Amino acid sequence: MLEFLGVALVLLVPTVYLVLVLGRLQAATFAVEGAAREAARTAVAAEDPQQAAARAAAATGVALRDQGFDDDPADALRLTCTSTPCLAPGSRVTARVQVVVPLPFVPDMVRDVVPLEVPVSAERVAPVDTYRARG
């Protein structure tokens with residue numbers, strides 16, 4: 001009986017930790033995929049580049065908070081355009097969102113010495129409508 005409890009503890013604790021880590025990484029994947037998709041879509045629908053950046057940051061914030069991430073949307077999001085000025089008809093807008101997922105239950109003093117976090121990112125490209133009115 002004692003051996004069974006010892007082996008069960010040795011196998012169960014790492015398995016539960018692995019499930020927690022994989023669940024958090026999957027949540028990050030969902031968050032950045034959704035944030036990048038919606039940021040690109042809202043950016044190409046905006047009237048000007050400033051409005052595009054504001055709308056994309058708002059969409060990124062909603063997607064990240066939905067999965068439990070408190071990262072600053074403006075820091076997590078990077079928008080780039082294929083043309084100058086941005087949002088010219090026929091151009092493309094690329095939204096790249098990245099979050100860093102810290103491993104759970106690791107103290108900060110250990111994290112200062114050894115980087116125990118996983119970066120997760122996604123990128124989406126959205127075309128600006130070719131028949132869009134020029135501004």
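Is Leu 87 buried or exposed? Leu 87 counts as buried, at 6% relative accessibility. The legends below describe a predicted model, in which local features need pLDDT of at least 70 and side-chain atom pairs count only at pLDDT 80 or more, whereas totals for chains, interfaces and linings use all residues. Residues are numbered from 1 along each chain as its sequence is written, and side-chain values use heavy atoms, with hydrogens and water left out.

**View A. The loop between strands E1 and E2 holds Pro 85 and Leu 87.** Strand E1 spans 77–81 and strand E2 spans 92–102; strands (E, at least two residues) and helices (H or I, at least four) are DSSP runs numbered from the N terminus. The peptide bond from Thr 84 to Pro 85 is cis, with omega near 0°. Leu 87 has a positive phi, near 70°, and is not a glycine. Most residues other than glycine have a negative phi, and most peptide bonds are trans.

**View B. Thr 60 is a buried residue of helix H2.** Helix H2 comprises residues 49–66. The relative accessible area of Thr 60 is 0%, and Thr 60 is therefore classed as buried (under 20%; exposed is over 50%, and partly exposed lies in between, with a 1.4 Å probe and protein chains only). Leaving aside residues up to four places away in sequence, Thr 60 touches Ala 35, Ala 39, Pro 73, Leu 77 and Val 97; contact means heavy atoms within 4.5 Å.

**View C. Leu 12, Val 16, Leu 20 and Phe 105 make a nonpolar surface patch.** The patch covers about 420 Å². Nonpolar side chains (Val, Leu, Ile, Met, Phe, Trp, Tyr) are joined within 5 Å, and like charges within 9 Å. Accessible areas come from the Shrake-Rupley method with a 1.4 Å probe; for residues, only the protein chains shown count as cover. Val 16, in helix H1 (residues 2–44), is partly exposed at 43% relative accessible area. Phe 105 is exposed at 69% and lies in the loop between E2 and helix H4 (108–113). Phe 105 also has a positive phi of about 65°, although it is not a glycine.

**View D. The charged end of Arg 24 sits over the ring of Phe 69.** The charged end lies 4.0 Å from the ring centre. The criterion is NZ of Lys or CZ of Arg within 6 Å of the ring centre and within 35 degrees of the ring normal.

Conventions: Patches are made of residues with over 30% relative accessible area and no salt bridge: like charges are joined within 9 Å, nonpolar side chains (Val, Leu, Ile, Met, Phe, Trp, Tyr) within 5 Å. A salt bridge is a side-chain nitrogen of Lys or Arg within 4 Å of a carboxyl oxygen of Asp or Glu.
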